[in-house]
Amino acid sequence: MTVTSTPRVAVLIVTRNRRHDLLETLDAVAALDYPPERLEALVLDNGSEDGTEAAVRAWAESGAGRRLGRVECVRSPENRGAAAARNVLAARAVGSDLYFLLDDDAVPERDFLGRALAALDDSAVGIVGGRIVAFDEPARDLGGAGVIDWLVGRFREVAATRTTDCDFVVTCAMLVRPAAFQAAGGFDEDYFVYHEDVDFCVRAGRRGFRVCYAPAAVARHKVPPGKTRTPERLYYLLRNKLLFLRKHLPPRRHPLAWLASGVTLIPRMLLQSVVVNRGLALPEIRTILAAGRDGLRGRTGRWR
């Protein structure tokens, strides 16, 4: 089934302690070149301690919030992880024609939805990801069309200048048909955060839905300095790569992928740590070793 001429879109945003960024994102949602009565913003406050819930409720009563068809904020007393939180929001988006997954620090351009919807003309397309660029440097791409080399078990993102089919797109700014969401079984909560989008797209693809990257649909993403090397991010990126390999390329059936990627991931990250830190940063080394151990053992869910 193709989308209607003006589908009802549920914008699903998971947030944690980013009240100011979130409000800017919500302002961008309200400013989209799209009938506001056909938009609803559903926010899950993932255990924030900065007054996020009250700020969203106040925003909903403001001029921008009142223009939307619906604004709702659900609060979790603890951090449930991105995967579980998105599943909760999707379950609350009853009656929506499309889900628009959006990071709480991403700002979509006004024409984002129109550009992304153009890629949904084919009913087989279940997921569309936009072009993610640096917030302060919009000429700098932060991602692209996701490609998986199944032979060696590696995935990466490549630049594309036109709408193209791919293996995965990121949840930073992603449009999803509810049918594709249901077919994939939602997000796998074992990942907690990071790479759950890769796994989600792979499962939707295996259920017959195409995944597309639409570079004309642009969202600017705020990437704080040092974010890429926080202990939590390093842990989940490494552990979840190993979980992905265990799930989709089990070692007994795909020994080459493990020889090429699985057994080299930990040494490569350790070497990278030494190079970046110009020596041994022992807390980071311990984090990498813990992530590798847990990934190889198949430990899932939240770290610590």
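Analyst: A charge sits over a ring if NZ of Lys or CZ of Arg is within 6 Å of the ring centre and within 35 degrees of the ring normal. Lys 222 lies over the face of Phe 135 in this way, at 5.1 Å from the ring centre, and Arg 86 lies over the face of Phe 187, at 5.5 Å from the ring centre. The model is predicted, with pLDDT of at least 70 needed for local features and 80 or more for side-chain atom pairs, while totals for chains, interfaces and linings use all residues. Residues are numbered from 1 along each chain as its sequence is written, and side-chain values use heavy atoms, leaving out hydrogens and water.

User: Why is the pair of Phe 155 and Phe 168 called edge-to-face?

Analyst: Rings of Phe, Tyr and Trp (its six-membered ring) pair if their centres lie within 6.5 Å, and planes under 30 degrees apart count as stacked, over 60 as edge-to-face and the rest as tilted. By this rule there are eleven aromatic pairs. In one of them, the ring centres of Phe 155 and Phe 168 are 5.9 Å apart and the planes stand at 85°, so the pair is edge-to-face. The two residues come from distant parts of the chain, 13 residues apart, with Phe 155 in strand 8 (residues 154-158) and Phe 168 in the loop between strand 9 (164-165) and strand 10 (173-176); strands (E, at least two residues) and helices (H or I, at least four) are DSSP runs numbered from the N terminus.

User: What makes Phe 155 and Phe 244 an edge-to-face pair?

Analyst: Their ring centres lie 5.3 Å apart and their planes are at 70°, so Phe 155 and Phe 244 are edge-to-face. This pair, too, links distant parts of the chain, joining Phe 155 in strand 8 to Phe 244 in helix 8 (residues 231-248), 89 residues apart.

User: How do you know whether Phe 168 is buried or exposed?

Analyst: Buried means under 20% relative accessible area, exposed over 50% and partly exposed in between, with a 1.4 Å probe and protein chains only. Phe 168 has a relative accessible area of 3%, so Phe 168 is buried. Phe 244, at 2%, counts as buried, and Asn 240 in helix 8 counts as buried at 0%.

User: What is Asn 240 in contact with, leaving aside its neighbours within four places in sequence?

Analyst: Asn 240 is in contact with Tyr 191, Val 193, Tyr 194 and His 195, where contact means heavy atoms within 4.5 Å.

User: Why is Gly 279 called partly exposed?

Analyst: Its relative accessible area is 23%, so Gly 279 is placed in the partly exposed class. Gly 279 is found in the loop between helix 9 and helix 10 (282-297), and, not counting residues up to four places away in sequence, touches Ser 273 and Val 274.

User: How do you know how helix 8 and helix 9 are oriented to each other?

Analyst: Axes are lines fitted to C-alpha atoms, for helices over the stretch in contact, and the angles run from 0 to 180 degrees between N-to-C directions. Angles under 35 degrees count as roughly parallel, over 145 as roughly antiparallel, 65 to 115 as roughly perpendicular and the rest as oblique. Helix 8 and helix 9 (residues 255-277) pack at about 165°, with their axes 11 Å apart, and helix 8 and helix 9 are therefore roughly antiparallel. Residues in this contact include Leu 234, Leu 238 and Leu 245 of helix 8, and Trp 258, Gly 262 and Met 269 of helix 9.

User: Why is helix 7 called roughly parallel to helix 8?

Analyst: Helix 7 and helix 8 pack at an angle of about 20°, with their axes 11 Å apart, and that makes helix 7 roughly parallel to helix 8. Val 198, Asp 199, Val 202, Arg 203 and Arg 206 of helix 7 make the contact with Phe 244, Lys 247 and His 248 of helix 8.

User: What makes helix 1 roughly parallel to helix 2?

Analyst: Helix 1 (residues 19-30) and helix 2 (residues 52-60) pack at about 25°, with axes 10 Å apart, and that makes helix 1 roughly parallel to helix 2. Among the residues that meet there are Leu 22, Leu 23 and Leu 26 in helix 1, and Ala 55, Val 56 and Trp 59 in helix 2.
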